[in-house]
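Visitor: Can you walk me through this one? Please settle the terms before the details.
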Amino acid sequence: MATGLQDEACAAISAVYDWCRSHRHRPVAEQHAALRQRIQGHFNYFGVNGNLGQLERLAYHARRAWFTWLRRRGHRVRLNWGRFRDLLRAFPLPIPRVVVTIWG
């Protein structure tokens with residue numbers, strides 16, 4: 001049985017995946033700025049102690065979604081995980097962290 005936080009994480013993962021799909025034609029720098037802002041906003045809102053696992057799950061799925069849809073952009077040079085890691089070095093996504101400690 002899923003808790004409320006897990007439901008929120010599933011909805012956020014779906015939203016990131018849909019956003020990456022619908023904006024895959026945009027320049028990478030523009031995608032990065034918007035995706036980073038979306039993920040950081042989620043981390044700021046849900047970043048309480050006890051929820052770090054769900055934040056890490058969102059970060060993982062956001063990277064996979066971005067990779068999946070960047071991969072479908074062109075036919076000439078296929079994006080592989082090595083090139084995507086290089087891209088993430090140039091355009092890093094936020095790291096999940098606890099923003100507010102609500103329990104001792």
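Guide: Contact here means heavy atoms within 4.5 Å. This is a predicted model: local features need pLDDT of at least 70, side-chain atom pairs count only at pLDDT 80 or more, and totals for chains, interfaces and linings use all residues. Residues are numbered from 1 along each chain as its sequence is written, and side-chain values use heavy atoms, with hydrogens and water left out.

Visitor: How many helices and strands in the chain?
Guide: Four helices and zero strands. These are DSSP runs, numbered from the N terminus: helices are H or I with at least four residues, strands E with at least two.

Visitor: Which residues of α2 and α3 meet?
Guide: From α2, Val28, Gln31, His32, Leu35, Ile39, His42, Phe43 and Phe46. Their partners in α3 are Leu55, Leu58, Ala59, Ala62, Trp66 and Leu70.

Visitor: At what angle do the axes of α2 and α3 cross?
Guide: Roughly 165°, and the axes come within 11 Å. Helix α2 covers residues 28-46 and helix α3 residues 52-71. Axes are lines fitted to C-alpha atoms, for helices over the stretch in contact; angles run from 0 to 180 degrees between N-to-C directions. The two helices are therefore roughly antiparallel, the term for angles over 145 degrees.

Visitor: New topic. What share of the chain is buried?
Guide: Buried residues are 33% of the 104 in the chain. Buried means under 20% relative accessible area, with a 1.4 Å probe and protein chains only.

Visitor: And what does the C-alpha trace span?
Guide: About 55 × 30 × 20 Å along the principal axes of the chain.

Notes: Angles under 35 degrees count as roughly parallel, over 145 as roughly antiparallel, 65 to 115 as roughly perpendicular and the rest as oblique. Buried means under 20% relative accessible area, exposed over 50%, partly exposed in between (1.4 Å probe, protein chains only).
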